[in-house]
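Colleague: I would like to go through this model feature by feature. Please give the general idea each time, then the case at hand.

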Amino acid sequence: MVYRGRGIYSAGLFLNKDRASGARSSSWQAGGQWGAQGSHWFGVGAAAGNEAYRILSVSGFDARFRTQSAYAFVSKWVTKGSGVGLRYDFENKIDVYNRHAFVLSYFVDF
């Protein structure tokens with residue numbers, strides 16, 4: 001995570017091994033946001049990777065997915081201690097489903 005001026009930036013790389021199946025998976029994420037506390041924030045981010053794990057049940061099976069996702073948000077203070085936010089999320093679980101989500105929120109800063 002890096003703080004530079006009015007921006008906050010983060011990135012990560014994740015490497016995993018499932019204990020039950022021995023399958024390996026990996027993913028990455030990167031994002032940034034710009035603004036100032038008590039005024040406004042705007043941010044974007046993206047991620048991608050693959051999931052690999054075993055479902056433990058009576059008839060266990062292996063789960064394998066590739067995923068891509070992105071988000072964008074804006075938050076704006078409307079009083080000294082509260083504000084509103086709008087967020088959009090996109091998730092593409094490749095060959096399984098796509099998810100689009102909008103979130104409108106109200107927050108109290110204390």
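Modeller: Start with the order of elements: along the sequence the protein reads β-β-β-β-β-β-β. Helices (H or I, at least four residues) and strands (E, at least two) are DSSP runs, numbered from the N terminus. The protein has seven strands and zero helices. The radius of gyration is 18 Å, well over the 13 Å that the globule rule gives for 110 residues, so the protein is more spread out than a compact globule. That radius is taken over C-alpha atoms, and the rule is 2.2 Å times the number of residues to the power 0.38.

Colleague: What should I keep in mind about the source and the numbering?

Modeller: This is a predicted model, in which local features need pLDDT of at least 70 and side-chain atom pairs count only at pLDDT 80 or more, while totals for chains, interfaces and linings use all residues. Residues are numbered from 1 along each chain as its sequence is written, and side-chain values use heavy atoms, with hydrogens and water left out.

Colleague: What does the C-alpha trace span along its principal axes?

Modeller: The trace spans about 55 × 30 × 25 Å.

Colleague: How do I read burial, and what percentage of the residues is buried?

Modeller: Buried means under 20% relative accessible area, exposed over 50%, and partly exposed in between (1.4 Å probe, protein chains only). Buried residues make up 24% of the 110 residues.

Colleague: Is Asn92 buried or exposed?

Modeller: Asn92 lies in strand S6 (residues 82–93). Its relative accessible area is 17%, so Asn92 is buried.

Colleague: Which residues does Asn92 touch, leaving aside those up to four places away in sequence?

Modeller: A contact means heavy atoms within 4.5 Å. By that criterion Asn92 touches Arg66, Thr67, Gln68, Tyr97 and Asn98.

Colleague: And Tyr106, is that residue buried or exposed?

Modeller: Tyr106 belongs to strand S7 (residues 97–108). Its relative accessibility is 57%, so Tyr106 counts as exposed.

Colleague: Which residues does Tyr106 touch, with the same exclusion of residues up to four places away in sequence?

Modeller: Tyr106 touches Ser82, Gly83 and Val84. The side chains of Tyr106 and Ser82 are also joined by a polar contact of 3.4 Å. A polar contact is a pair of N or O atoms within 3.5 Å; within protein, one must be able to donate a hydrogen and the other to accept it, and residues adjacent in sequence count only if both atoms are side-chain atoms.
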